[in-house]
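Please look over the model shown here before reading on.

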Amino acid sequence: MNASLATAFDATATFWRPLRTEDVPAVAALERESHVAPWTPGNFTDALAAGYSMTVGEAASAIVAYGVLLLAPGEAQLLNLTVASSARRRGLGRTLLRRFLADARQRGAAQCFLEVRVSNAAAIALYAAEAFVPVARRIAYYPPGASGEREDALVMRRALAAN
Ligand SMILES: CC(C)(COP(=O)(O)OP(=O)(O)OC[C@H]1O[C@@H](n2cnc3c(N)ncnc32)[C@H](O)[C@@H]1OP(=O)(O)O)[C@@H](O)C(=O)NCCC(=O)NCCS
């Protein structure tokens, strides 16, 4: 997102739609600036081919958020949730997470799981605020980032009440 768009950015004007193949370069660029060990473009195209639920949020023709949800029988797994750095703290992460949870619930999932780096305070705060609770810790689960150290994953779960 450029500076003028960031200034004018209005979270309520974000348009949510399925991620398409032609979005992969833009999404992969946001991914590289947002994650210690980013998904590659190939990871996104593989996820599309596998039929995962993939959503982007668009504002003024720019992608400002995206996420990937895996729906399995009876449960869902959040595989990716990312908001462009210039669009954070405006409610987009929460909005996309809630959209995924509502969709998962509607499609019969009774619970949703996710994994998050133990150092990722922003994401953990969002998930805790949305009623996810820690259920396990995977030691040295994530590949090393700039620190050169592998990092533990916190596994979090949220029950999805039936409608
Ligand atoms: C985690 C992330 C998706 C949150 O998206 P966001 O749009 O900025 O979050 P929201 O504005 O919807 O915030 C919702 C709530 O989450 C919590 N939260 C979000 N960012 C936070 C931060 N930096 N510090 C503390 N709490 C935070 C707050 O409770 C917030 O509510 P509030 O704004 O009313 O206080 C975003 O920071 C991001 O893309 N980070 C990089 C990628 C990443 O780490 N993804 C998660 C991988 S598991």
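What percentage of the 163 residues of the protein count as buried? The share is 41%, where buried means under 20% relative accessible area, exposed over 50% and partly exposed in between, with a 1.4 Å probe and protein chains only. This is a predicted model, in which local features need pLDDT of at least 70 and side-chain atom pairs count only at pLDDT 80 or more, while totals for chains, interfaces and linings use all residues. Residues are numbered from 1 along each chain as its sequence is written, and side-chain values use heavy atoms, with hydrogens and water left out.

The protein has five helices and seven strands. These are DSSP runs numbered from the N terminus, with H or I over at least four residues for helices and E over at least two for strands. Their order along the sequence is α-β-α-α-β-β-β-α-β-α-β-β. A compact globule of 163 residues would have a radius of gyration near 15 Å, and the 16 Å of the protein therefore agrees with this; the radius is taken over C-alpha atoms, and the globule rule is 2.2 Å times the number of residues to the power 0.38. Among contacts (heavy atoms within 4.5 Å) with a separation of 6 or more, 62% join residues 24 or more positions apart.

Helix α5 covers residues 121–129, and its buried residues are Ala 123, Ile 124, Leu 126 and Tyr 127. Seen down the axis of α5, these fall within an arc of 160°, so they line one face of the helix; the arc is that of the directions from the helix axis to the C-beta atoms. The cover over the buried residues of α5 includes β4 (75–83), α4 (92–106), β5 (111–117) and β7 (151–159). Ala 121 and Ala 122 are exposed, on the face of α5 turned away from its buried side. After α5 comes Ala 131, with a positive phi near 75°.

Which residues come nearest to the ligand? Of the 20 around it, they are Leu 81, Val 83, Gly 91, Gly 93 and Asn 120, where being near a molecule requires a heavy atom within 4 Å of it. Leu 81 has a backbone N or O atom 2.7 Å from a nitrogen atom of the ligand. The side chain of Asn 120 places an N or O atom 2.6 Å from an oxygen atom of the ligand. The protein covers 75% of the 910 Å² of accessible area that the ligand has on its own, computed by the Shrake-Rupley method with a 1.4 Å probe.

Technical notes
A polar contact is a pair of N or O atoms within 3.5 Å; within protein, one must be able to donate a hydrogen and the other to accept it, and residues adjacent in sequence count only if both atoms are side-chain atoms.
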